[in-house]
Amino acid sequence: MTAAAASANVASAARPRRRPRVRNVGPRAFLVLLILFLFAPLFVVVLFSFNATASLSFPIPGFSLRWYDKVLDDREVVAALGRSAIAAFITGIAGGAIGILAALGIQGLPPRWKGAVQTVVLIPIATPALLLGIGIAIYFNRLGIKPPRLPMAIAGHVLLALPFVLLTMTAALERFRFSLLEAARDLGASRARAFWTITFPLVLPAVLGAALLAAAVSIDEFIIAFFNTGSDGTLPLVIYSRIRRVIDPGLNALATILLVATTLLAVLAARTTTARR
Amino acid sequence: MTTSSSATAIQFEGVNKFFGRFQAVKDLNLEIREGEFFSLLGPSGCGKTTSLRMLAGFEEADSGCILLRGSDVTSAPPNKRPVNMVFQHYELFPHMTVFGNVAYGLRLKKVRDPELSRRVQEMLRVVRVDGLEGRGARQLSGGQQQRVALARALVNRPAVLLLDEPLSALDVKLRKQMQIELKSIQHQLGTTFVYVTHDQEEALLMSDRIGIMNQGRLLQVGTPREIYGRPADAFVADFVGSLNAFDLRVDEVSGGRAVMRLADGEHVAVALEGAVAAPASTIRVAIRPERIRVTEAQAAGADTGAPGASRVGGVVTAVDYVGSLTTYRIETALGLIAAQEANDTLAPDLVVGDRVVLSWAPDAAFVLPPSIVEG
Ligand SMILES: Nc1ncnc2c1ncn2[C@@H]1O[C@H](COP(=O)(O)OP(=O)(O)OP(=O)(O)O)[C@@H](O)[C@H]1O
Ligand SMILES: [Mg+2]
């Protein structure tokens, strides 16, 4: 979630801003401490995931992949991993599709409506995930939908990802020359044809970026999944339930897998959205 | 023109267009002939682009109708009209090659390969960018983009080609070259061109006929000679070329001319050509600077007295030398008059303060009707 948010910023800010150089030693040291503070826990997790023994003490006695072996042999974990992958995939596809349609719709609005709608669709960012999670659970319950409830969690993920997707897509459409569509229509293309031959290929990188971003949001989402799934939980839920039982070094390996997947998706998303132009 | 037929390509019949409460095009009635190079000329915001976009199908007329080769296209969508457009900013598809851009329309019409390639190549040769077909649309100079945009439109063999200030993004030299080339391409293909510009020189140079617009209204339609020589009103006269306008007090009407007598036997005459002028009234008269002869006062000699010729004395107040031409500003009894002389061997060598005599032929000046549109 944090990585995804960060990359949404990268995507919308597009051009790097010149930053004033940090001259004083004080602020610089503070910066180093801050980065250490932020990344040290991650570093520890990654380091211990390669630990040769089960002891959680420094220095680690040696490196091995035994914890990866172990968790990937665990059927419960593999099943959760699979469900997370499915959730991320569907969130990505749905996010990308809804994103481009919604962004095109917003683009076509009269200016005074545009701003209002653009603000409203960003509300989920500020909404506590707790509310979303419980809200979705109650909503589906009222509709009489019973478990398996993974689809409910996925619906929540799409909702959660939508603001990031829309930010990315709106930025991309700002740069899109709609007059190209007039040229296409003039040359004989129907509306649909003009969309598929001109709009779609030109905004495709942004759509892919938005989809990857949505997938990244889904893959490490906890709260919505917590309220909406049970035995069919996603990977973060399995990690959570294991932590409550025993300190399992295998969790470090799982967490590292999750971390790598999220980071990879976020980086890819940033890359694809800013690749062209 | 390759066709001598006077078949009608386009008809605007009482077309009005509003944007909200603002009326951009007012009661437009216009007929454009098959094979003609027709220009819509007028100042910024006068409704040229709007008129063209109604032809292309991007705007719909609020009332009136538009006929294309006799069939009503007033509400037809742009992809269902046999017209193509060259846009001001070209609008080449950036994710396609030059070939892809030019082939776009043909592919939509299901033209298949041997013929597709042949027609694309042929058109690229006509606009002289053959060899660039594999180039990305982003990797072209402004002039090349212009040519590709032209090929992309013309390859569809439209009944009418619409061009909206297609040369305005080019530098002056390239623009002059493209003006001549566009005209020769139009000759070669015989396609009807409707060309929008706010550059009067460009319109005069390229067009078979010109329509002058101002504030949403079509003021005059005519050949470049008619528009320049006999503008329908003061606005047209002033917009197309530079102009001297002055009030003429009618002292005498004879032989279809109004004459004003000045001191020292000097006089100014204007052919009325149907205009009415009562003796002792005042009419507005105009003359182009290049129709005025400037002679040094001593060298001028006596009045030849040719009927209808005019003769006015004055003092040179400014000399603007621009290479091939010199423009003199001369203070006369009629006010400040600009006169232009070609800098050939006979050109008078005048400086500020010289006394001169201005003279012009009987048909040089014309009566200026009041403006059709205010402002
Ligand atoms: N979509 C629109 N909405 C509102 N007003 C418009 C719109 N399009 C044009 N107008 C107005 O209609 C008038 C005519 O515009 P048009 O683009 O036809 O002018 P033009 O003659 O092509 O001028 P230019 O030489 O500057 O291109 C202008 O006053 C313009 O502001
Ligand atoms: Mg225009």
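Analyst: Two residues are said to be in contact when they have heavy atoms within 4.5 Å of each other, and the model to which this is applied here is a predicted one.

User: How many residues of chain B are in contact with chain A?

Analyst: By that cut-off, 25 residues of chain B are in contact with 20 residues of chain A. The two chains bury about 1800 Å² between them, and 56% of this area lies on carbon and sulfur atoms.

User: Why is helix 4 of chain B called roughly parallel to helix 5 of chain B?

Analyst: The axes of helix 4 (residues 142-154) and helix 5 (residues 172-189) of chain B come within 12 Å and cross at roughly 20°. Because angles under 35 degrees count as roughly parallel, helix 4 of chain B is roughly parallel to helix 5 of chain B. The crossing is right-handed, and the contact between these two helices of chain B has 7 nonpolar, 3 polar and 2 charged residues.

User: Why are helix 9 and helix 10 of chain A called oblique to each other?

Analyst: Helix 9 (residues 179-186) and helix 10 (residues 191-219) of chain A pack at an angle of about 140°, with their axes 9 Å apart. Roughly antiparallel requires an angle over 145 degrees, and roughly perpendicular one of 65 to 115, so helix 9 of chain A and helix 10 of chain A are oblique to each other. Residues including L180(A) and L181(A) of helix 9 meet residues of helix 10, among them I198(A) and L202(A), and the contact divides into 6 nonpolar, 1 polar and 2 charged residues.

Technical notes: Residues numbered from 1 in each chain as written. Chains lettered and ligands numbered in written order. Predicted model: local features only at pLDDT ≥ 70, side-chain atom pairs only at ≥ 80, totals over all residues. Heavy atoms only, no water. Axes fitted to C-alpha atoms, helices over the stretch in contact; angles between N-to-C directions. Helix = DSSP H or I, 4+ residues; strand = E, 2+ residues; numbered from the N terminus. Left-handed = near helix turned anticlockwise from the far one by under 90°. Nonpolar A, V, L, I, M, F, W, Y, C, P; charged D, E, K, R; others polar. Buried area = accessible area lost by both parts, 1.4 Å probe.
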